[in-house]
Amino acid sequence: MTTAVKTRPTSWGSKRSARAAATNKPTILGYAFLVIVILGSLFPLYWSFLIGSGDASTLRNLDVNWLPGGNFLANAAKVLENESVGFWRALGNSLIVSTTVAVSVVLFSTLAGYAFAKLKFRGSRPLLVFVIATMAVPTQLGIVPLFIAMSQWFHLSGNILAVILPALVSAFGVFWMTQYLSQALPDELIEAARVDGANMIQTFWYIALPAARPAAAMLGLFIFIGTWTNFFWPFIILDSNNPTLPVALSLLQSNFFVDYSIVLAGVLLSTIPLLILFVVAGKQLVSGIMQGAVKG
Amino acid sequence: MTQSLAPDVVVSRPTDSQPAPSGPDDERRIRRIAFGHRLSHWDVKLSPYLYISPFFILFAITGLFPLIYTGVVSLYDWHIIGGQGDFVGLKNFEWVLGQEKFWIALRNSFSIFLLSAIPQIILALIIAAILDQNLKAKTFWRMGVLVPYVVAPVAVALIFSNMFGDQYGLINNILGQIGLDPIGWHSQVVPSHLAIATMVNFRWTGYNALIFLAAMQAIPRDYYEAAAIDGASRIRQFFSITIPSLRPTLIFVIITSTIGGLQIFDEPRMYDSTGQGGASAQWMTITMYIYNQGFGVAGGGQFGHAAAAAWLLFLVIVIVGLINLLATRAIASTGTRSGK
């Protein structure tokens with residue numbers, strides 16, 4: 001499955017085969033359309049750089065200057081130095097929260113996914129159906145009791161633990177790993193391990209976990225990005241002293257709402273970490289989306 | 001790390017056909033195996049439950065409990081400071097349904113959802129159809145359309161609310177240069193919905209295009225070749241082969257964008273600096289309404305009202321989801337070969 005989805009830039013012109021000639025040759029128009037789409041995808045980021053590198057007067061200029069100004073570093077410094085926004089703290093929090101959540105979700109999803117995909121036990125079907133059904137329930141439905149529990153019972157209001165705890169497991173993750181392992185891990189391999197005397201946890205550790213690696217990496221990526229960009233719940237439970245990046249961004253707007261050059265410099269600053277991740281892992285992300293779709 | 005460990009097991013496995021070297025090390029190994037066999041029955045029976053239990057325990061506490069408890073909260077007069085008050089039955093629901101703002105929020109949610117979901121799915125289908133062709137540098141194009149996905153919705157909202165600025169925004173600036181009147185992107189109802197829908201479309205179109213692309217690549221190429229031989233145009237092929245074959249994926253995308261679209265919060269909340277959805281709630285959505293009831297500055301802390309509104313939102317999502325499901329089935333099955 002993975003190999004079928006994996007695409008490499010080596011297909012550069014190497015397959016000008018008869019099949020391509022049949023019906024599926026792209027036209028100039030197709031390329032032109034894609035170029036427009038990608039320019040549209042990048043333009044808002046360029047725009048935030050354009051404004052973020054200018055000063056307050058840039059925006060009021062009726063003739064848009066399409067070249068960036070020289071103030072980006074100065075504007076970025078204003079964001080980084082502003083005490084009430086706490087950018088560095090937010091960056092640290094986002095890193096801690098997203099990493100913890102991604103690792104935890106991957107671990108627990110792989111464990112449960114392996115059990116659902118490969119082990120026979122009473123009640124496995126209904127339990128799996130239950131997991132899938134919960135994916136359809138919107139998160140807002142439980143937000144009020146979650147707030148009561150986190151703030152009044154556990155006294156975690158304002159603490160990033162309150163953001164981490166509810167995200168430690170994911171029904172989507174369990175579903176994803178179940179789907180993957182039921183196809184990618186042959187039963188014979190598990191049987192062979194059992195015959196060789198491996199106990200259950202050894203079988204999981206040495207057989208299932210290595211087999212799960214590609215899917216685990218993708219799940220980790222998705223959960224990391226999803227947690228990093230999540231706003232609703234952190235916005236409710238965290239306060240301005242201890243924000244995650246999206247919460248810090250929201251503070252940026254209320255603190256500097258007159259000066260968009262500073263706000264948009266901050267937007268770009270907060271986006272850079274994920275853009276770096278995207279450059280490194282974008283290919284995996286693409287194939288992950290495509291793979292999930294085929295199975296979903 | 002796990003990969004390097006796997007071969008060790010194979011090497012040291014006790015059933016290896018090689019004559020076992022004798023020694024204290026070997027004896028210990030044999031004893032361990034015997035012990036393992038005695039345990040293995042319970043091992044096999046219990047392990048599956050052990051493996052799924054972390055998920056279910058954590059989910060029960062942080063996912064299932066809040067879901068059920070929302071029902072309890074919605075039936076009580078419950079305030080953020082005072083805690084649980086009197087049992088009021090369905091009064092909270094009555095109160096919410098009697099609020100004009102709730103209905104405005106419902107209208108806004110629907111409007112923004114429709115303005116984003118429909119163009120987004122159409123555009124995603126077109127992009128996917130082009131990406132499905134035998135392009136050069138496939139990975140480059142695929143990654144290119146996915147870039148917006150890594151921009152946080154809050155960041156997207158800040159960028160676009162600037163571009164859609166009423167007085168100095170880029171869009172009105174361009175409109176002015178080609179001789180059109182500026183549009184009140186923040187002051188008027190429909191333009192504000194359009195601007196927010198644009199943010200949603202920006203972030204999700206490429207993502208959905210890749211999902212469609214995956215499904216398109218699973219369609220056998222012979223169908224297209226046969227159709228081409230029969231003289232069907234590209235457009236005709238798209239509507240007669242591609243769309244019907246995409247039915248399950250279409251349903252999946254429409255359902256997920258319904259769930260996501262009706263819950264929208266980040267973008268409208270950050271669309272202006274006050275976060276109240278405009279002077280007359282012209283772009284306040286249901287989730288913003290829930291937030292305001294429960295946690296907002298204005299009239300906040302009414303957990304009973306917030307919980308009731310959350311249930312009403314859930315109900316709306318379920319109903320719309322079912323309607324979508326039926327509609328998609330009907331639309332996508334017309335002209336389908338009976339295969340699927």
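This note covers two interfaces in a predicted model: one between chain A and chain B, and one between the two domains of chain B.

1. Extent of the chain interface. Contacts between the chains involve 114 residues of chain A and 103 residues of chain B. Chain A and chain B bury about 10,000 Å² between them, and carbon and sulfur atoms contribute 75% of that area.

2. The face of chain A that touches chain B is made up of 79 nonpolar, 22 polar and 13 charged residues. Polar contacts do link the two chains, with 10 residue pairs counted, both residues of each pair being at pLDDT 80 or more.

3. Domains of chain B. Domain 1 of chain B spans 2-73, and domain 2 spans 91-339. Where they meet, domain 1 supplies 4 residues and domain 2 supplies 5 residues.

4. Area between the domains. About 300 Å² is buried between domain 1 and domain 2 of chain B, with 70% coming from carbon and sulfur atoms. On the domain 1 side, Thr70(B), Gly71(B) and Val73(B) lose the most area to domain 2, and together they account for 91% of what that side buries.

5. Polar features between the domains. The side of domain 1 that touches domain 2 in chain B has 2 nonpolar residues, 2 polar residues and no charged ones. Between these domains there are 0 salt bridges, and 0 residue pairs are in polar contact with both residues at pLDDT 80 or more.

How values were computed: Residues are numbered from 1 along each chain as its sequence is written. Chains are lettered from A and ligands numbered from 1 in the order in which they are written. This is a predicted model: local features need pLDDT of at least 70, side-chain atom pairs count only at pLDDT 80 or more; totals for chains, interfaces and linings use all residues. Side-chain values use heavy atoms; hydrogens and water are left out. Domain bounds come from an automatic or database domain assignment. Contact means heavy atoms within 4.5 Å. Buried area is the accessible area (1.4 Å probe) that two parts lose on being put together, summed over both. A salt bridge is a side-chain nitrogen of Lys or Arg within 4 Å of a carboxyl oxygen of Asp or Glu. A polar contact is a pair of N or O atoms within 3.5 Å; within protein, one must be able to donate a hydrogen and the other to accept it, and residues adjacent in sequence count only if both atoms are side-chain atoms. Ala, Val, Leu, Ile, Met, Phe, Trp, Tyr, Cys and Pro count as nonpolar, Asp, Glu, Lys and Arg as charged, and the others, Gly among them, as polar.
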